Amino acid sequence: MSKSHLFLSQKMKSLLEKRKSREALEALILISVVTCLNMVFGYFAAAFAFYLSFFKWDYIGPMEFVGLKNFMVIFKDLWRGISGAYFFQAPFYTGLKNILLYTAIVVPTQTILAMILAAFANQKIKGVQFYKVSYFLPAVTSPVIIALIFIWLFMKQGYINYMLQFVAPGFAPDWINDKSYLLYAIALVAIWGTSGHFMVSFLAAMQSIPRDIYEAAMLEGAGPIRRFIYITVPMLKPMIVYVVVLGLIGALQMFDLAWVMAGSNGGPGGAGYTMALDIYNEAFINLRPGVAAAKSIFLFALIFSVTYVFQKKYKVMVR
Amino acid sequence: MARVFLENVVKKFGKVVAVNHVTLEVKDKEFMVLLGPSGCGKSTTLRLIAGLETPDEGKIWIGDRLVNEIDPTKRNVAMVFQSYALYPHMTVYRNIEFPLKMARVPKEERRRKVIEVAKFLGIEDLLNRYPKQLSGGQQQRVALARAIVREPEVFLLDEPLSNLDAKLRVKMRFELRRLLHDELQITTIYVTHDQVEAMTMADKIAVMNAGKIMQVGSPIDVFEKPANIFVAGFIGVPPMSFFEGTLIEKQKSLFLDLGSVLFRIPKTYYSALHPHVGSEIVMGIRPQDIKVTLEPQEDSYEGKIVGYEPLGTETYIHFTINGTKEYIAVIPRGMRISLKRKVYWKSNPQKLYFFRKSTGEAIY
């Protein structure tokens with residue numbers, strides 16, 4: 001290689017390096033903004049909550065170290081609840097019981113419904129775009145607005161009971177004011193509100209399944225339902241895991257719908273009371289931020305364990 | 001087993017006519033290859049037979065059944081896709097078992113058949129593996145096993161060898177033909193753009209272009225007696241060289257006026273070509289039938305080498321006679337050639353093809 005060639009290639013190399021380091025700097029600046037926000041509102045808040053859970057505090061005076069006393073409050077509450085105490089004597093237990101039932105209803109239903117909606121939206125039929133938008137609309141609407149609308153719909157003389165008289169004559173519960181139905185009403189609203197959102201995730205995953213796999217199944221005698229069962233569902237497994245995990249996280253810390261539909265006291269008999277409502281009440285009504293923090297950690301441990309176990313068991317990448 | 005018959009079939013995608021009035025008969029147990037360049041409609045034709053596309057016009061028969069309105073799930077045809085389309089979430093065993101399961105075959109019988117087919121194709125050791133754990137050749141065998149396990153009436157293959165490397169392709173070409181034609185004797189329709197595959201595997205070849213069937217015949221027929229310029233140019237490696245010119249007659253002899261050269265046409269062709277005197281025609285010569293020498297010989301013409309491709313056993317040379325159009329000839333290895341060198345060429349007088357320039361149809 002001649003001297004001039006060598007010089008040119010070195011110059012190009014240094015230019016490339018300069019450009020690379022400039023790109024790296026720009027990337028760092030952009031990332032640092034998000035990282036800073038995350039540090040303050042995410043990691044610091046989480047660490048502070050953990051720290052706070054060992055202290056008694058009233059937001060104004062000095063913080064007093066109380067060891068595991070705040071956690072004892074939780075376990076006593078749980079124990080009272082297990083022993084059959086009323087809602088107001090064991091609010092955390094009630095919140096836990098309700099949220100587990102709510103999660104058991106909402107997560108499987110919204111996942112299956114989202115998958116079915118995606119299967120419909122994935123068909124080449126006229127006006128499919130309208131349906132896609134209709135399904136997705138609740139996802140971009142405020143949960144508070146949705147809850148308010150549904151309070152109207154769920155009223156004793158509301159539209160849902162009006163429709164029910166055609167399907168199940170004589171069945172017209174007072175959804176919001178009857179403790180036997182309140183949690184189911186909240187669950188129904190949640191399912192309606194989230195299925196469309198998860199439908200989009202499933203739709204994207206469905207559209208990435210190669211067409212020739214469906215065609216092969218078709219030629220091998222599989223009709224639409226069997227194609228859905230044997231091809232679509234198994235091939236959506238990674239997305240199902242993702243949706244269920246997100247669903248579990250969202251359901252276990254549900255707050256907004258319960259707050260609007262049941263109120264901060266959880267409605268009749270605490271039927272709509274959730275763990276997140278209880279944490280809020282501890283922090284801002286009872287003014288026991290230490291206990292609220294301890295309960296938050298309990299909730300975090302619950303969400304972490306459930307999602308970890310689920311992912312560990314089912315997260316098998318098939319593609 | 002069944003005969004497949006397409007009668008005047010048309011398939012349009014918007015304004016594009018993918019299959020244009022195709023009539024084709026594939027006899028029972030016949031190995032038919034649909035051959036043509038990309039976008040010629042051969043895969044669409046296959047998909048129409050499978051039922052994956054619906055014809056806009058025409059009728060498709062499989063055996064005695066008119067299948068136009070019959071769902072692909074009920075046509076009893078098996079297809080091997082270019083990508084193999086194996087189910088990635090199922091083991092090889094489950095993949096092969098799938099069509100039997102869909103046909104509600106009892107579990108024990110399914111097991112027996114899967115093992116039988118796996119042994120037949122030499123993949124019994126792979127039954128517990130997933131498709132991603134297999135090589136291209138193994139995947140292809142699994143796709144074949146899945147297709148033959150339920151003993152379909154018709155076997156459709158859409159470029160099944162195109163994802164394999166050259167060596168494996170040659171091996172599988174031979175094996176496929178032996179398996180489907182010689183051993184199983186299933187009516188097979190095989191789509192490819194590779195004419196070597198077509199020539200070596202087919203009982204009959206249907207050459208397609210622009211949605212139409214150009215010629216149907218045995219491999220030897222389409223090679224020896226091409227119906228038109230397209231078939232003549234498409235079949236054969238390297239492709240046939242075409243010499244365009246005006247046919248003229250001088251002293252009871254026919255000549256092709258190539259501009260700078262007057263090519264003397266052998267007497268054999270006189271009666272066939274005589275009605276075309278004065279018209280523009282195209283003469284085709286296969287490169288293997290052009291003899292190239294470094295010194296002039298009797299009835300040879302001058303040319304200049306513009307490129308060459310040594311293949312080891314032989315060399316393809318590209319030459320011109322008037323500086324514009326290129327022609328190809330095959331020369332034996334060891335011949336001393338170089339770029340821009342003057343050479344002399346002559347044709348095998350028995351192996352000339354003539355076509356109408358206006359329509360491309362064969363005259364002789």
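Which residues of α1(B) are buried? The legends below take up this question first and then turn to other views of the predicted model.

**View 1. Helix α1 of chain B is mostly covered.** This helix runs over residues 42–50, and nine of its nine residues are buried. The buried residues are B:Lys42, B:Ser43, B:Thr44, B:Thr45, B:Leu46, B:Arg47, B:Leu48, B:Ile49 and B:Ala50. Just after α1(B) comes B:Gly51, which has a positive phi of about 95°.

**View 2. Chain B contains nine helices and 20 strands.** The C-alpha trace of chain B spans about 80 × 45 × 35 Å along its principal axes. Of the 364 residues in chain B, 39% are buried. Among contacts in chain B with a separation of 6 or more, 65% are between residues 24 or more positions apart.

**View 3. Helices α3 and α12 of chain A come within 7 Å of each other, axis to axis.** Helix α3 of chain A covers residues 91–121, and helix α12 of chain A covers residues 275–285. Their axes cross at roughly 150°. An angle over 145 degrees counts as roughly antiparallel, and α3(A) and α12(A) are therefore roughly antiparallel to each other.

**View 4. Residues of α3(A) meet residues of α12(A).** From α3(A), the residues in the contact are A:Pro91, A:Phe92, A:Gly95, A:Leu96 and A:Ile99. From α12(A), they are A:Met275, A:Leu277 and A:Asp278. By class, the contact of α3(A) with α12(A) has six nonpolar residues, one polar residue and one charged residue.

**View 5. Chain A is assigned a domain 1 and a domain 2.** In the domain assignment, domain 1 of chain A covers residues 3–52 and domain 2 of chain A covers residues 71–314. The C-alpha centres of domain 1 and domain 2 of chain A are 39 Å apart.

Key. Residues are numbered from 1 along each chain as its sequence is written. Chains are lettered from A and ligands numbered from 1 in the order in which they are written. This is a predicted model: local features need pLDDT of at least 70, side-chain atom pairs count only at pLDDT 80 or more; totals for chains, interfaces and linings use all residues. Helices (H or I, at least four residues) and strands (E, at least two) are DSSP runs, numbered from the N terminus. A residue is buried if 20 or more other C-beta atoms lie within 10 Å of its own, exposed if 12 or fewer, and partly exposed in between; C-beta atoms are placed from the backbone. Two residues are in contact if their C-beta atoms, placed from the backbone, lie within 7 Å. Axes are lines fitted to C-alpha atoms, for helices over the stretch in contact, and angles run from 0 to 180 degrees between N-to-C directions. Angles under 35 degrees count as roughly parallel, over 145 as roughly antiparallel, 65 to 115 as roughly perpendicular and the rest as oblique. Ala, Val, Leu, Ile, Met, Phe, Trp, Tyr, Cys and Pro count as nonpolar, Asp, Glu, Lys and Arg as charged, and the others, Gly among them, as polar. Domain bounds come from an automatic or database domain assignment.
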